[in-house]
Amino acid sequence: MNFLKRAFLSVKARKGKSLLQIFVFSVICVLVLAGLSIQTAAKKSSDLARKQLGADVTLQVDMEKLREQMQSESSEDGGRAKFQSTPIDVEAAEELTTYDQIKGYNFYSSTTGLASSFDPIENSTSTSTEEETESTEGASRMGGGMAQGDVSLQGVTFTDSYTDFLDSTSEIVDGEHLTDEDIGKNVAVIEQTLAEDNDLQVGDTITVTNPQDDSISIELEIKGIYATTSTGSDQAMDFTAMIPYNKIYVPYTAASELKGADYEGTIDSATYYIDDPADMEAFVAQAKSESSIDFDTFKLDANDDLYQQMVGPIENVASFSKNIVYLVSIAGAIILGLIVMMSIRERKYEMGVLLALGEQRWKLAGQFIIEILVVAILSLGIATVSGNAVASQVSDQLLNQEIASSETTSTPESFRGGGFGKGMTTTAASTASVETIDELDVSATGKDLGLLAMIGALIAVISALLPSLSVLRLQPKTILSKQD
Amino acid sequence: MGDGIIMSSLLALQNISYWYKHENKKVDILKNINVDFNRGIFYTIIGPSGSGKTTFLALASALDVPKEGAVLYEGKDIKKIGLTKFRNKYVSIVFQSYNLLPYMTALQNVTTAMEITGSSHKNKKDYALEMLQKVGISAEQARQKVLTLSGGQQQRVSIARALCCDADLIVADEPTGNLDETTAQEIVGILQELAHNEGKCVVVVTHDQNIAQTSDVVVRLSKGSFTVTSNNKEMIHS
């Protein structure tokens, strides 16, 4: 192993050049390690975010296809296009709940009804209107002649995973949530204001009638009472049923029953909750290949907007840092290769002497590789010590830039320059319902260091081997006579 | 010459020719040379500048290959032995320009050569120091970087390096060129001793007529051809 000894002697003897190589190699290693650490941290953060957030997939009517179908039917009939709702078969929707990726689900069926045994909450303007149209017995009529109820019935499987309850707009104040155990039962969760106005309590019953067919009515036992902070929209105030206090949650079976016999065993839509957004595509693919759902009529809408919003900046940083790794590795190998090449060409004479002494060519190449590996090991040590600090600085800088950039691009044009647009409420102006990840816990892992060592070794071997090959093919006499 | 040394042909240059091209013209350096070198004999190769002495030595030590002909070591073409292996195991070279490794000490230069050639000496360092002292390098000088030594001292280190390897063939290109007369005589004495007492084949290229006179056989090169003269007919005949 004489060439090993020579390599160490050479590194020690050529202090200046060795220090220059250590400096260049350290810069390369620090940047590569920073890139790798940022990638790892970004992956860790996005994995965590993914698992925290989950994702949901909604099974609903494919409105695009429905519109096309309506248009083709209307052109055949020569009349105007008419919207016809297409309910989803519950059994088909239930098939998907058995898939591995699912952590929860909710089925929805909504309708309106006429409050028969109680008075709905009315706004100040609707009182006079209703007095004038007493003959309609509370049912208001839409432009198309469709009767509209004065309470809205939101059929669900679970109330606790309904959006209003999830985002704490609504909260149960008495009684219990609706669950899948209530399916088939005529129970309801009503709003506190409605309950107080009508002296209703948990255990009492209310009756709701179909606004189009007064022969269909259901009696609902109050299982829970909720309070809502929702104020509803201005337009909703024109319709009594749209007032938030008049929203009654019922099992989807009850809502379907009120809609009429045609809707028995059907729902409007279903939402499936998935643990990991990464499984979303697999879930949709499995549903399309295995379920009995007619995907010509219905579609599965994957929603990972929150996840994308949350991890967008860090994914951009990760992608950028990946490019840093590639760029620095290649540029570093070239720069280092040139330095080593110059050094090896200067050492032609030494190679000639050693070849004249009968040293084998592979051992000479080995000596140069060992020399640069010694430099690489020292540089790796420096990178390990300083890499975390550099990586943190770089990632903070990149992340801040990305966050600023994503905020700029996700804000509508009219928001810029200060105040909100005309008629914009503060609720509508909030651009995000989740906080973007604005911090990365960057620290070099063993895997990062292992990868860095591999990249470093590869750079070292390539940068030493290629230039030495050009010299090693020469005969010792050629080298030595040129030296003389 | 010591008793019991059996002289046999060690190295043979057979029909050797060497030339190079200059402005599309062939310039002959050596032309159809046939010389045998035997164990136990101290050879000198002399001739005017440009007569092909250094080329001759380069071919004999496998630093280069002839354009025509073959170099045989114990009857075997050195190309078949392998040029690197031949240089490693069978020949020691003393260069005119020393060719020492500048980042090493004198001692390290010698031990490095011993390690490369797989010297059989158990304590390489001690043997190297002994050889360095034999050529006039003190223990203190042996531990100095070679670049801090004078030209003459570097030449001694170069000679010690060749002596330390166990090769039967020692070739030297102007080994005493940078040495004072006394040291030069000492070095020549060592080379003679290696040939006569240890049965080595010593081939020295020189301009120095004194060295040529002390050698056993003189190979005179001129215009690509050669003549061989014996100073020690008794030994050659025996």
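Helix 5 of chain B is followed by Gly136(B), whose phi is positive, near 95°. The model is a predicted one. Chain A holds 15 helices and 14 strands, and 18 of its residues are in contact with 18 residues of chain B. In chain B, strand 7 is largely enclosed by the rest of the structure, because five of its five residues are buried.

**Helix 5 of chain B**

- Helix 5 spans residues 124-134 of chain B, and Ala128(B), Leu129(B), Met131(B) and Leu132(B) are buried in it.
- These residues cover an arc of only 165° around the axis, which puts them on the same side of helix 5 of chain B.
- An α-helix has 3.6 residues a turn, so residues three or four places apart point the same way.

- Strand 7 of chain B covers residues 169-173.
- Both of its faces are covered. Leu169(B), Val171(B) and Asp173(B) are buried on one side, and Ile170(B) and Ala172(B) are buried on the other.
- In a regular strand the side chains alternate between the two faces of the sheet.
- Strand 6 (residues 91-94) of chain B pairs with strand 7 of chain B in the parallel sense, over four bridges. Here Val91(B) has Leu169(B) as its bridge partner.
- Strand 8 (residues 201-205) of chain B also runs parallel to strand 7 of chain B, and five bridges join the two. Ile170(B) has Val202(B) as its bridge partner in strand 8 of chain B.
- From strand 7 of chain B the chain passes through helix 8 (residues 181-196) of chain B to reach strand 8 of chain B. This β-α-β crossover is right-handed.

**Cys165(B)**

- Cys165(B) sits in the loop between helix 7 and strand 7 of chain B.
- Cys165(B) has 24 other C-beta atoms within 10 Å and is therefore buried; the cut-off is 20 or more.
- Cys165(B) touches Ser92(B), Ala113(B), Met114(B), Thr117(B) and Ser119(B), leaving aside residues up to four places away in sequence.

**Antiparallel sheet of chain B**

- Four strands of chain B form an open sheet in the order 2-1-4-5, with antiparallel pairing.
- Strand 2 (25-38) and strand 5 (76-77) of chain B stand at the edges. Each has a single partner strand, so one side of each is left without a neighbour in the sheet.
- Strand 4 (residues 68-73) of chain B pairs with strand 5 of chain B in the antiparallel sense over two bridges. Leu72(B) stands opposite Asp77(B) in strand 5 of chain B.
- Helix 1 (residues 53-60) of chain B lies across strand 1 (9-22), strand 2 and strand 4 of chain B. Its angle to strand 1 of chain B is about 125°.

- Chain A has 484 residues, and buried residues make up 38% of them.
- Among contacts in chain A between residues at least 6 apart in sequence, 85% join residues at least 24 apart.
- In the contact, 18 residues of chain A meet 18 residues of chain B.
- Helix 1 (2-13), helix 11 (348-356) and helix 15 (476-483) of chain A each supply at least two residues of the side that touches chain B.
- Helix 1 of chain A gives the most to that side, with five residues.
- The residues of that side of chain A divide into seven nonpolar, five polar and six charged.

Conventions:
Residues numbered from 1 in each chain as written. Chains lettered and ligands numbered in written order. Predicted model: local features only at pLDDT ≥ 70, side-chain atom pairs only at ≥ 80, totals over all residues. Contact = placed C-beta atoms within 7 Å. Nonpolar A, V, L, I, M, F, W, Y, C, P; charged D, E, K, R; others polar. Buried ≥ 20, exposed ≤ 12 C-beta atoms within 10 Å, placed from the backbone. Pairing = 2+ DSSP bridges. Right-handed = clockwise from strand over helix to strand, strands pointing away. Axes fitted to C-alpha atoms, helices over the stretch in contact; angles between N-to-C directions. Arc of directions from axis to C-beta.
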